[in-house]
Amino acid sequence: MTGLHAAIDEACAEHEEWLIASRAWLHAHPELSNREEQTAAYVAAQLRELGLDEVRTGVSGHGVVGVLRGGLPGERVIALRADMDALPVRSADGIGPVSHACGHDCHVAVVLTTARVLAGLRDRLPGTVVFFFQPAEEGPPLGEIAGAKAMLDAGALAGVEPTMVFAMHVVFLPKGVVGYHVGNQFAAACAVDITLRGVQAHGSSPWLGVDPMPAAAQVILGAGQLYRQVPAASPVAVSFGHVEDVGRFNIIGESLTLSGTMRSSRQEDMPALKAGLERLVEHSAAAYGCTAELQYHFEIPAVRNEQAWLDAARPTLERVVGAANVVPVEPVMGSDDMAELVNAYGGLYLTYGVQDTRMEGGRIAPVEGGRGLAPNHHPAFYADDASLLGSVRVHAHVAVDHLLGALGAGRVPR
Ligand SMILES: [Zn+2]
Ligand SMILES: [Zn+2]
């Protein structure tokens with residue numbers, strides 16, 4: 001623990017009240033993917049108030065990038081990332097029909113608070129800190145392009161290419177626990193729309209038309225078997241969360257669309273998974289005399305945490321939250337376009353616990369008398385205010401240790 005580390009912790013504590021108030025404001029102003037207008041305006045206003053060297057706004061939609069150049073010479077550039085979008089989930093706390101059911105309000109408040117902490121210490125920082133606020137992590141509406149990749153393509157980090165990127169996603173781990181997985185911590189994913197087309201008919205006389213419904217049923221059931229076509233040790237997930245048809249109880253509709261998602265823990269399994277789905281769709285449609293169109297969109301690579309980066313970060317993580325609170329976790333089948341940043345520049349994307357839970361034999365269980373275990377995207381998802389300062393401390397310490405050269409020797413070759 002150096003003087004600078006102590007100064008970081010002191011500043012973090014001073015800003016806790018602001019952190020919680022900021023999170024409360026963001027929580028009360030949720031906006032859907034690629035519609036984060038007031039969130040982005042709020043973020044930009046806060047960053048400008050700090051007197052950063054640069055605040056880039058309107059980057060590929062609502063992206064905002066703040067640049068803080070330290071007062072000491074240094075070549076390194078650390079980028080801290082927060083996603084800003086909410087979800088169409090009616091939350092149990094009465095905010096809805098849109099809410100921060102994935103906790104991105106916490107991410108924004110944490111990175112903004114980290115910016116306040118580090119801006120106050122800028123004279124002692126050898127290098128540059130970039131605060132990267134992105135829209136549409138949950139996927140933009142169909143036909144729109146947005147998110148981390150779109151921001152990079154738009155030159156979001158031109159002139160401030162990071163030597164490391166870092167972020168943590170809030171999850172139902174116990175409060176204050178940092179979860180890591182070496183390898184793919186988040187899965188590769190894509191969204192898929194399948195439209196099955198037949199011939200419309202009266203419900204009383206299906207033989208006069210071609211019913212797309214049984215073909216759709218075959219696709220849904222068959223998709224549940226696709227996991228048998230990739231090695232069992234590498235989990236995959238295929239699910240359809242939305243079905244749209246144009247029929248009625250007494251009308252056999254002409255077409256039907258299935259919208260779903262496919263995930264693979266190994267990036268390399270995605271082509272086989274896609275090929276299996278395509279085969280299933282083509283032949284299920286043919287079996288019932290239908291035609292089928294299949295379209296992929298929103299393709300996200302896996303988030304890969306390299307052992308070398310984790311080894312480099314571990315002393316910092318353990319110093320900040322305690323060795324017992326840096327725990328290995330199972331990879332999740334959720335995806336995250338933080339992958340674009342980690343793949344491009346190197347760094348880590350970890351998870352951070354914000355709920356009343358405990359670890360028990362490698363599983364996570366609710367603590368008695370607490371608010372329970374509520375996964376991301378669930379209406380009851382919550383993040384405990386008191387846990388958030390720990391995340392600010394981790395972000396700030398990782399950033400400073402990277403700039404000081406103590407964490408990460410530049411880019412890790414893959
Ligand atoms: Zn989410
Ligand atoms: Zn999320």
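Predicted model: local features only at pLDDT ≥ 70, side-chain atom pairs only at ≥ 80, totals over all residues.
Let me start with the division of the chain. There are two domains. Domain 1 covers 3–184 plus 302–404, and domain 2 covers 188–300. Their C-alpha centres lie 35 Å apart. The contact between them takes 9 residues from domain 1 and 12 residues from domain 2. On the domain 1 side, that contact has 5 nonpolar, 3 polar and 1 charged residues.

Now the sheet of 8 strands. What is the strand order? Reading across, we get β1-β2-β4-β3-β5-β16-β6-β15. The sheet is open, and the pairing is mixed. At the edges stand β1, residues 54–59, and β15, residues 326–328. Each of those two pairs on one side only. Between neighbouring strands the average turn is 25 degrees, direction ignored.

β1 pairs with β2, residues 63–69, in the antiparallel sense, over 4 bridges.

α9 lies across β3, β5 and β16. Against β5, α9 runs at about 140 degrees.

Next, the helix pairs. A reminder on description: two packed helices are described by the angle between their axes and the distance between the axes.

Pair one is α2 with α10. Helix α2 is residues 16–28, and helix α10 is residues 388–404. Their axes come within 10 Å and cross at roughly 110 degrees. The two are therefore roughly perpendicular to each other. The crossing is right-handed. From α2, the contact uses Glu16, Leu19, Ile20 and Arg23. From α10, it uses Leu388, Leu389 and Val392. By class, that gives 5 nonpolar, no polar and 2 charged residues.

Pair two keeps α10 and brings in α1, residues 3–14. Here the angle is about 150 degrees, with the axes 10 Å apart. So α1 and α10 are roughly antiparallel to each other. Again, the crossing is right-handed. On the α1 side we have Leu4, His5, Ile8, Asp9 and Cys12. On the α10 side we have Leu389, Val392, Arg393, Ala396, His397 and Val400. The classes are 7 nonpolar, 2 polar and 2 charged. Leu389 and Val392 of α10 take part here, and Leu389 and Val392 are also in the contact with α2.

Helix α6 is residues 213–223, and helix α7 is residues 270–287. The axes come within 9 Å and cross at roughly 150 degrees. These helices are therefore roughly antiparallel to each other. α6 passes α7 in a right-handed crossing. Ala215, Gln218, Val219, Gly222 and Ala223 come from α6. They meet Leu277, Leu280, Val281, Ser284, Ala285 and Ala287 of α7. What does the class count look like? This contact has 8 nonpolar, 3 polar and no charged residues.

On to the sheet of 4 strands. The order is β10-β12-β8-β13, open, with antiparallel pairing. β10, residues 236–245, and β13, residues 291–300, each have a single partner strand, so one side of each is left without a neighbour in the sheet. Neighbouring strands are turned by 20 degrees against each other on average, direction ignored. β8, residues 188–197, is joined to β13 by 8 bridges, and the two run antiparallel.

β17 is residues 357–360 and β18 is residues 363–366. They pair in the antiparallel sense over 4 bridges. Thr357 stands opposite Pro366 in β18.

Technical notes
Residues numbered from 1 in each chain as written. Chains lettered and ligands numbered in written order. Pairing = 2+ DSSP bridges. Axes fitted to C-alpha atoms, helices over the stretch in contact; angles between N-to-C directions. Contact = placed C-beta atoms within 7 Å. Parallel < 35°, antiparallel > 145°, perpendicular 65-115°, else oblique. Left-handed = near helix turned anticlockwise from the far one by under 90°. Nonpolar A, V, L, I, M, F, W, Y, C, P; charged D, E, K, R; others polar. Domains from an automatic or database assignment.
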